[in-house]
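Look at the chain below with its charged side chains displayed.

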Amino acid sequence: MTGITTHVLDITTGRPLVGLKVDLYDVATTPPTRLNSTRTNADGRTDAPMLAAASARTGQFELQFHVGDHFKAVDALSDVVPVRFAIADAAQHYHVPMLCAPWFFSTYRGS
């Protein structure tokens, strides 16, 4: 499998974030080009890859996680969490999970 996938978990509940808006941008263009916009499913995943295997390529990308819309907390730290990353080898799969709470977010390259 190649391309870009993601999933989102709420660390305060240990549950997936359902219905969270996620956008994917090509940030090598000026202005950045939105390649995909979707929402997470009941498992906190997108129903299809953010970037399909057939479109996989090297470059600079940014996932934007719209966590503010989900948490709607007065003390929330972030509205939209951007995660910029580079794809150096288009033959590899890039899974970029998001762990978050109203006052916390973290990501890593998953498998």
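**Salt bridges, core and surface**

In this predicted model, arginine 84 is exposed, its relative accessibility being 57%. Its side chain meets that of glutamate 62 in a salt bridge, with 2.6 Å from N to O. Glutamate 62, by contrast, is buried at a relative accessible area of 8%. Because glutamate 62 sits in strand β6 and arginine 84 in strand β7, the pair ties together parts of the chain 22 residues apart in sequence.

The model has 3 salt bridges in total. Another one joins arginine 57 to aspartate 26, whose closest N and O atoms are 3.1 Å apart. This pair also links distant parts of the chain, with arginine 57 in the loop between β5 and β6 and aspartate 26 in strand β4, 31 residues apart. Aspartate 26 is buried, at 9% relative accessible area, while arginine 57 is partly exposed at 31%. Aspartate 43 and arginine 45 form a salt bridge as well, at 3.0 Å from N to O. Here aspartate 43 is partly exposed at 45% relative accessibility, and arginine 45 is partly exposed at 35%.

The largest nonpolar core holds 21 residues, and Ile4, Leu63, Phe65 and Phe85 have the most contacts inside it. Two or more residues each come from β4 (21-26), β6 (59-65), α1 (67-71), β7 (81-87) and β9 (98-101). Strand β7 gives the largest share, 4 residues. Beyond its neighbours up to four places away in sequence, leucine 63 touches residues including Ile4, Val22, Leu24, Met50, Val83, Phe85 and Val96.

Strand β9 also belongs to an open sheet of 4 strands, ordered β3-β2-β9-β10 with mixed pairing. β3 (15-16) and β10 are the edge strands; each has a single partner, so one side of each lacks a neighbour in the sheet. Strand β2 (residues 8-10) runs antiparallel to β3 and is joined to it by 2 bridges. Leucine 9 has proline 16 of β3 as its bridge partner.

Apart from its neighbours within four places in sequence, alanine 42 contacts Pro16 and Val18.

Note on methods
Residues are numbered from 1 along each chain as its sequence is written. This is a predicted model: local features need pLDDT of at least 70, side-chain atom pairs count only at pLDDT 80 or more; totals for chains, interfaces and linings use all residues. Side-chain values use heavy atoms; hydrogens and water are left out. A nonpolar core is a set of buried Ala, Val, Leu, Ile, Met, Phe, Trp, Tyr and Cys residues joined through side-chain atoms within 4.5 Å. Buried means under 20% relative accessible area, exposed over 50%, partly exposed in between (1.4 Å probe, protein chains only). Contact means heavy atoms within 4.5 Å. Two strands pair if DSSP finds at least two bridges between them. A salt bridge is a side-chain nitrogen of Lys or Arg within 4 Å of a carboxyl oxygen of Asp or Glu.
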